[in-house]
Amino acid sequence: MEILQTGSMFTWKLQTTLDTRNITRYALQKESGVPMNTVRAMYDGQTTRVDFSVLDRVLEALCTMTGEELQLSDVLEWRR
């Protein structure tokens, strides 16, 4: 599966993380309370700015939903 990029430095991995765990964007939105437009943009790799509190809510929701200790690198990756 192709990893979507926001530019030359950051790569969104939310799509892969959700898809491999059979979690829908709707389920993540409900659990996290993050607006659907924001979840959708992160999933599609179209978000160019994100608030730390949003990332925190997404990661907390994913940890709750999966029972795994997921990290920021499961959602967002930095590359040179």
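The structure is a predicted model, in which local features need pLDDT of at least 70 and side-chain atom pairs count only at pLDDT 80 or more, whereas totals for chains, interfaces and linings use all residues. Residues are numbered from 1 along each chain as its sequence is written, and side-chain values use heavy atoms, with hydrogens and water left out.

The side chain of Ser-32 also has a polar atom 3.1 Å from the backbone nitrogen of Val-34. Ser-32 is found in helix H2, where helices (H or I, at least four residues) and strands (E, at least two) are DSSP runs numbered from the N terminus. With a relative accessible area of 10%, Ser-32 is buried; buried means under 20% relative accessible area, exposed means over 50%, and partly exposed lies in between, as computed with a 1.4 Å probe on protein chains only. When neighbours within four places in sequence are left aside, Ser-32 is in contact with Arg-57, Val-58 and Ala-61, contact meaning heavy atoms within 4.5 Å. Thr-17, found in helix H1, is likewise buried, at 5% relative accessibility. Beyond its neighbours within four places in sequence, Thr-17 is in contact with Leu-62, Leu-70, Asp-74 and Val-75.

Side chains of opposite charge can pair when their charged atoms come close. Three salt bridges are present in the structure, each defined as a side-chain nitrogen of Lys or Arg within 4 Å of a carboxyl oxygen of Asp or Glu. In one of them, the side chains of Arg-21 and Glu-68 meet at 3.1 Å, N to O. This pair links distant parts of the chain, 47 residues apart, with Arg-21 in the loop between helix H1 (14–20) and helix H2 (25–32) and Glu-68 in the loop between H4 and strand S3 (76–78). Arg-21 counts as partly exposed at 27% relative accessibility, as does Glu-68 at 32%.

Arg-25 and Asp-44 form another salt bridge, in which the closest N and O atoms are 3.9 Å apart. Here too distant parts of the chain are linked, with Arg-25 in helix H2 and Asp-44 in helix H3 (residues 36–44), 19 residues apart. Arg-25 has a relative accessible area of 29% and is partly exposed, and Asp-44 is also partly exposed, at 28%. A salt bridge between Arg-79 and Glu-77 has its closest N and O atoms 2.9 Å apart; Arg-79 is partly exposed at 36% relative accessibility, and Glu-77 is partly exposed at 24%.

The largest pocket holds about 170 Å³ of space. On a 1 Å grid over the protein atoms alone, a pocket is an open set of points where a 1.4 Å probe fits, with protein on both sides within 12 Å along at least five of seven lines, and lining residues have an atom within 4 Å of a point. The lining comprises 11 residues, of which Phe-10, Trp-12, Thr-48, Val-50 and Leu-76 lie nearest the centre of the pocket. Strand S2 (10–12) and helix H4 (52–66) are the elements that give two or more residues to this lining.

Methods. Grid points are joined across faces, edges and corners, and a volume is the space filled by probe spheres set on the points. A polar contact is a pair of N or O atoms within 3.5 Å; within protein, one must be able to donate a hydrogen and the other to accept it, and residues adjacent in sequence count only if both atoms are side-chain atoms.
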